[in-house]
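This briefing is intended to be read alongside the sequence and the model. It takes up selected helices and strands in turn.

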Amino acid sequence: MKMLIGEMAKKTGVTVRTLQYYDSIGLLKPAEVSESGYRYYDEHSLKELRRILHYKELGFPLRELCAVDMPSSKLLARRRRLEEERSRIERLIGRVDGELSRAAAVSPWFDKICRDYNYSGFAYCRGSDDEYFAAWGCADFENDIGFTPRCRFPLGWVTTQLTAYCVLLFAEKALISLDSAVSEHFPETGGADGVTVRDLLNMTSDVQIDKLYEEWNEQYTAFSDLTWEATEYRTLQRTYTPCDIIEKITFGNKREFCVNMANYDILRLILEKSANLPFADILEEYICKPLRMLDTTFSGNSDTVAYSGAKRVEGEFPNEVVTTAEDLAKFYAAILDGGLLPLKKYLREIPEGGFGCGWYCVDGVLTHNSDFGGFALETELRSEDGRIWINLRNRLPVPDNGDRIMYYDVKNCGDGYVKLETWETDSGAEFGVYSIKVFDRAANELYAADNNGKYFIEIKNTGEKRQAAEFAEKYFYEFDLKDILGEKFRTDVTYLRQHRTNLLQIGEK
């Protein structure tokens, strides 16, 4: 098969000018040149050009590419140079990670709040013209390990986003139909005839897993001192085989949204059956490899330690996606940039004001949070401006003594009087505000009072959920800021006040 120079260039991704240059230096001659000067290439030329491009990518100069086969001595020398370069790059990455793991001085107030709340976690943001990674606290306090963009952590509920994306990729390749009934994939499942794959994506399948819950709850007593999302209990749930799950679920007739992770368990089983591969391999082949998400796996160890109460939650997370901020950002960028699937097709499967594909959608903004095994993860995508937001917390953000600290702006207090009130409360809530402080915008403390250890405000809400302003007068405390600050008081300044609160009970018993 003969090809003109333009066809050869298009087939291999090089320019016509590059082929002309290779001809001029004798590196790659055309198979034939017509009387009118047209260059023709054949299959042998194509094979030779690919050899040249291969060694060129490895860093060999053109003058060394004339030989048909590269001597092993030169390949070994090149490998040593690449190893040296890799070592240098890894050292530089380590230095950059070291800078990123330092506490970020975003503002005096943010630093103060992080200290007061014992905050530990990181935030990654990509905007239309900016990108940053900031971290506070440690990924592992006991071993003094700071956060970096490559610290691995479990996704928990946010695993739904990767599962859904694999389903949509399968649908794009006609391996799965979103309108196919679950009964087509698992005929043995009760009530599945009217339930579609799309219902699973939107959590509108009315899946019933009472039998499984009964079995799990019987074994839950071993973990009764931990939160429901604790790793041990989640691991217990995942010890059930796919057959166990399919045999013990049924579907009802409602097609209303209801959060139930069994929807996505079934989706993973459908993926595995369609591809005849375990989900870990599907994730690797369809998402991780194409996007070079090198630190993402289905099941694996976490570098980040969570603190659920007084317990460390660490180690392996079986049957959960474990990833990094760097990899998750690559995945979100691929969604917004249409890297693997056109963005319009993706957004079409996420109902406005509802849930779909692992996202809640409100006014075009996609969000989903996860609270799993001590880790709290917040994610957000905005297709309008390409914004990506990832925030992970691995420690409960309150002081160690169980107090709560709240901050309020003090504006428009021309006469100096400030009415202190508390926030929205649930029925059954019981707490008291026992210290008050006032700060300027630079976080300088201007006033402090603790009322001799007594509460300024004591609240016990025995009614419905409501604002504290709706309670009786005894739930307010007024003080004269003008008298407290004297000559320092300014009517045009916005102050901040801090309430330190002791919670006796939150919500109904």
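Two strands are said to pair if DSSP finds at least two bridges between them. In this predicted model, strand E20 (residues 430-439) and strand E22 are joined by 4 bridges and run antiparallel.

- Glu430 is positioned opposite Lys460 of E22.
- Strand E22 (residues 457-460) presents Ile457 and Ile459 on a covered face, while Glu458 and Lys460 lie on an uncovered one.
- In a regular strand, side chains alternate between the two faces of the sheet.

- An open sheet is formed by 7 strands with antiparallel pairing, in the order E5-E4-E17-E16-E15-E14-E13.
- Strand E5 (131-136) and strand E13 (355-356) are the edge strands, each pairing on one side only.
- Within this sheet, strand E15 (residues 365-372) pairs with strand E16 (residues 375-382) over 8 bridges in the antiparallel sense.
- Asn369 stands opposite Glu378 in E16.
- Helix H14 (residues 325-337) lies across strand E4 (121-126), E5, strand E14 (359-362), E16 and strand E17 (387-393), and runs at about 150 degrees to E17.

- Leu19, Tyr22 and Asp23 are buried in helix H2 (residues 16-24).
- These residues are on the same side of H2 because they cover an arc of only 100 degrees around the axis.
- Arg17 and Ser24, on the other side of H2, are exposed.
- The cover over the buried residues of H2 includes helix H1 (5-12), strand E3 (39-41) and helix H3 (43-57).

Note on methods:
Residues numbered from 1 in each chain as written. Predicted model: local features only at pLDDT ≥ 70, side-chain atom pairs only at ≥ 80, totals over all residues. Heavy atoms only, no water. Buried < 20%, exposed > 50% of the residue type's maximum accessible area, 1.4 Å probe, protein only. Helix = DSSP H or I, 4+ residues; strand = E, 2+ residues; numbered from the N terminus. Arc of directions from axis to C-beta. Contact = heavy atoms within 4.5 Å. Axes fitted to C-alpha atoms, helices over the stretch in contact; angles between N-to-C directions.
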